[in-house]
Every structure is written in C-alpha cells, then in structure tokens.
Amino acid sequence: MSTTEASVSRTQDSIIAFKGSLTRNSVPALWKTRKQWLGDELVSVDVSQVEVIDTAGVAFLLEIMKATQGTKTPLKCIGASDQLKQIASVSGVESLLSLS
C-alpha cells in the first residue's frame with residue numbers, strides 16, 4: 001500500500017480499523033465515505049495498521065471523536081504508533097485522543 005492509500009473497515013464489536021496511510025492525500029477520500037463506517041455504536045478506532053500519519057491524519061481522528069461525542073462511551077484510539085504519539089504530543093492533543 002502506498003503512502004497515499006488508506007482503507008477502513010468496521011468490525012462487529014464497534015471498532016473502526018484503518019490501514020495504510022492517514023495523510024493529507026488520503027484523509028479527504030476517507031472522510032467522504034464516513035457515513036458508511038461511522039455510526040452511533042463506535043467505541044474504538046484501531047490505528048495499529050496505519051503505516052504513515054501526518055497532522056491531517058491526527059485532525060481526522062479528532063473529527064471522528066467529535067462526531068461520536070454523543071455516545072455513552074468515550075472513543076479510544078488503540079494501536080497508536082510512536083509517530084502518531086509524537087505528532088499528538090507536539091500538537092498538544094494527546095490527552096484528547098486517548099491513545100494506547
């Protein structure tokens with residue numbers, strides 16, 4: 001998968017899994033399809049298979065969290081890479097993302 005490609009899948013246990021790249025090149029296409037995979041019962045976002053992420057990818061994750069704020073359970077971001085943790089830290093949003 002190239003650095004401009006990304007895919008998303010939703011599991012039955014309310015986890016959205018991203019794979020590939022979450023960058024300024026891939027995020028717009030993913031956001032356009034959000035009605036297909038973003039639902040009310042979302043509890044976690046799995047980013048363990050994200051190979052590349054930039055600030056657009058972090059902003060994308062924050063938008064997902066914003067879209068699910070009305071749910072009973074706070075959204076968790078699982079499988080965060082060191083790259084994601086560094087960008088979130090430098091951007092001052094690591095506490096908002098609930099990274100693990």
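Mentor: Happy to! A residue is called buried under 20% relative accessible area, exposed over 50%, and partly exposed in between, using a 1.4 Å probe and protein chains only. Trp-37 counts as buried because its relative accessibility is 5%. Before we go on, note that this is a predicted model, where local features need pLDDT of at least 70, side-chain atom pairs count only at pLDDT 80 or more, and totals for chains, interfaces and linings use all residues. Residues are numbered from 1 along each chain as its sequence is written, and side-chain values use heavy atoms, with hydrogens and water left out.

Trainee: How do I read an aromatic pair, and how many aromatic pairs does a search of the whole structure find?

Mentor: A pair of aromatic rings is described by the distance of the centres and the angle of the planes. Rings of Phe, Tyr and Trp (its six-membered ring) pair if their centres lie within 6.5 Å; planes under 30 degrees apart are stacked, over 60 edge-to-face, and the rest tilted. Searching the whole structure gives four aromatic pairs. One of them joins Phe-18 and Trp-37 edge-to-face, with 5.5 Å centre to centre and 90° between the planes.

Trainee: Which parts does the pair of Phe-18 and Trp-37 tie together?

Mentor: Phe-18 lies in strand S2 (residues 15–22) and Trp-37 in helix H2 (residues 34–37), so the pair ties together parts 19 residues apart in sequence. Helices (H or I, at least four residues) and strands (E, at least two) are DSSP runs, numbered from the N terminus. Phe-18 also forms an edge-to-face pair with Phe-60, at 5.4 Å centre to centre and 70° between the planes. Since Phe-60 lies in helix H3 (residues 55–67), that pair ties S2 to a part 42 residues apart in sequence. Ring pairs link Phe-18, Trp-31, Trp-37 and Phe-60 into a cluster.

Trainee: Is S2 paired in the parallel or the antiparallel sense with strand S3?

Mentor: Two strands pair if DSSP finds at least two bridges between them. S2 and S3 (residues 44–53) pair in the parallel sense over seven bridges, and Lys-19 stands opposite Gln-49 in S3. With strand S1 (residues 6–10), S2 pairs in the antiparallel sense over five bridges. Seven of the eight residues of S2 are buried, so S2 is largely enclosed by the rest of the structure.
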